[in-house]
Amino acid sequence: MKSDQHEQDLLKGLAIGDKQTIELIYRDHYNLIQSLIINNNGSADDAKDIFQEAMIVLYEKVRSGSFELNCQLKTYLYSVSKRLWLKKLSANNRYVISGADLEPSFPVEEEVEAHEKRDAEFDMMEKAIASLGEPCKSLLEAYYLNKQNMQVIAATFGYTNADNAKNQKYKCLVRLKKIFFAHYKNGMEHE
Amino acid sequence: MSELDRLEAVERYIKGEMNPDERVAFEQLRKSNAEIDQLVVEHTFFLQQLNRFGEWKKFRSLLQVVHTDLAEQGSIRSTRLQGKARILYLYNRYKRVGSIAASIALVTTLCISGIIWIFSPPSPHSQFEELNKKFTQLEYKTSKQATEIDQIKRSSAIPVDMPFTTGGTGFIIDPKGYLVTNAHVVSGAHNIVVQNNKGEYLASLVLIDKMRDLAILRITDDNFKGYGSTPYSISKKAGQLADPIFTLGYPRNEVVYSQGYLSARTGFDGDTLSCQIEISANRGNSGSPIINRRGEVIGILNGKQTNAEGFAFAVLGKYIYQLSDSLRKLDPSFPIRLNGRSSISSLDRSEQVKRIQDYVYMVKVN
């Protein structure tokens with residue numbers, strides 16, 4: 001089964017992080033996922049977390065250039081959400097999903113596992129950046145994440161010129177890389 | 001070449017910022033020097049990770065914003081579980097512990113309240129300073145003013161030259177126009193006006209509880225349009241020590257933000273009606289909401305200790321619920337509905353403040 005043109009357009013919008021597209025997908029599919037979670041021992045907050053995580057799985061999929069879902073968008077989001085929620089329930093030793101399915105499922109185990117691995121990596125990066133402290137944290141975020149110009153950064157952070165700011169930035173980067181790779185190698189050994 | 005210079009060269013190479021000559025020279029170096037080659041590989045990988053991390057973070061915060069917006073518009077059924085779904089959820093989740101907890105709680109409550117009643121000392125009130133501001137031209141009482149007030153009451157418009165003697169802060173608890181502030185801000189008031197950047201409105205005192213230092217006001221002005229529901233919720237729990245908190249209030253003629261943390265669970269001299277917070281509070285901050293990072297109002301700033309700087313006290317949020325309950329009993333025709341669920345829990349602080357500030361008013365009294 002091929003996803004139709006409208007859904008293809010949505011996926012392309014999602015790939016570039018278009019806010020309107022996200023709103024459209026959110027509006028059409030959130031309530032279904034919320035029903036799934038709430039009928040299975042979850043709260044509205046859980047529903048929000050799970051739906052957003054499923055959106056991230058989808059985002060990562062389309063970011064990698066694959067716009068072929070091989071099923072409807074709705075089925076995809078439902079299957080990923082269900083898988084994620086099952087994992088969360090069993091991790092908390094709560095009850096396992098029961099009752100009638102609201103929607104047929106589609107096998108997504110691999111995607112969910114890949115997502116969890118990436119999520120762990122991003123978590124690690126977040127912790128590594130946070131552990132740098134100021135001004136390194138803000139400096140690196142401004143340059144590498146928000147893609148600000150070095151001149152602008154020098155002005156906002158109060159460096160006398162862009163070269164000083166650049167020097168400081170590289171010092172911070174060396175520290176970040178050390179922390180990141182120490183964790184990264186640790187993580188590899190555990191697997 | 002120092003470590004930093006080397007890293008800079010590698011990064012410029014990866015990002016394609018080198019000019020052709022530099023590039024050729026660098027590629028030569030890379031071929032001859034295995035260490036440099038490894039650094040290029042490693043750094044490429046690292047920059048990729050960092051880039052993807054940045055996109056992931058941006059996407060996540062975008063999702064939060066979309067969720068909050070759609071929930072506000074009512075396009076998705078969120079923020080509140082209603083009716084059957086909520087009962088089902090609560091029952092499933094709590095049926096096992098519920099009955100045990102209830103019986104233990106009953107016994108404990110009776111014991112503790114007995115002990116507290118026996119041992120708590122009466123608090124010395126001289127060290128406690130209420131934070132309402134006294135304006136300089138205070139105690140302006142003439143017969144002329146009394147007649148003016150009568151006119152105001154009849155005309156329901158705010159006269160230009162009304163002299164206000166004290167003031168504080170208040171915030172909306174029900175979008176129909178109910179505000180809460182401190183009792184000491186409005187006690188003995190002839191006229192009350194609330195003001196923020198949206199406008200200036202006449203208000204009247206609905207209910208006052210001097211013991212808990214709380215008062216409910218209602219905006220009676222014809223020009224007041226009402227709101228959608230409040231973005232923040234009122235929390236019955238104070239939270240954990242060291243929880244970060246912030247407040248918006250009117251110590252001057254403009255709304256002022258300050259932040260701090262919860263520093264003790266009890267208030268001045270062991271007062272269990274309130275809690276202690278570390279925040280810079282000034283005259284005029286009385287009645288400001290104390291809000292935690294999830295956008296829940298945990299209390300109302302009501303005073304600070306005169307012989308120590310930096311810490312202030314807040315009346316706990318649960319007493320707002322009690323006050324609104326007693327109002328409901330007095331006058332069932334105007335029920336106050338408190339928002340029990342914050343719609344801004346996952347937004348950044350600055351976004352939260354942006355959404356809250358329209359709901360915070362300066363309370364002017366004479």
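**Figure 1. Confidence of the predicted model.** For the complex, the predictor reports an ipTM of 0.83 together with a pTM of 0.52. Chain B has a mean pLDDT of 80, and 82% of the residues of chain B reach 70 or more.

**Figure 2. The contact between chain A and chain B.** Chain A contributes 30 residues to the contact, and chain B contributes 30 residues. On the side of chain B that touches chain A, two or more residues come from each of helix 1 (3-14), helix 3 (34-73) and helix 4 (83-119) of chain B. Helix 3 of chain B supplies the largest share of this side, 15 residues.

**Figure 3. Nonpolar cores.** The largest nonpolar core holds 59 residues, of which Leu179(B) and Val194(B) touch the most other members. Beyond its neighbours within four places in sequence, Leu179(B) is in contact with Gly170(B), Phe171(B), Ile172(B), Ile173(B), Val194(B), Ala203(B), Leu217(B) and Tyr361(B). Another core lies apart from the largest one and has 34 residues, including Tyr26(A), Trp85(A), Val112(A) and Val66(B). In soluble globular proteins, nonpolar side chains tend to be buried together.

**Figure 4. Helix 2 of chain B.** Helix 2 of chain B spans residues 20-32, 13 residues in total. The distance from the first C-alpha of this helix to its last is 19 Å, close to the expected 18 Å at 1.5 Å a residue. Helix 2 of chain B is hardly covered, and the count of buried residues among its 13 residues is zero.

Technical notes
Residues numbered from 1 in each chain as written. Chains lettered and ligands numbered in written order. Contact = placed C-beta atoms within 7 Å. Helix = DSSP H or I, 4+ residues; strand = E, 2+ residues; numbered from the N terminus. Core = buried A, V, L, I, M, F, W, Y, C linked by C-beta atoms within 7 Å. Buried ≥ 20, exposed ≤ 12 C-beta atoms within 10 Å, placed from the backbone. Expected span 1.5 Å × (residues − 1). pLDDT = per-residue confidence, 0-100.
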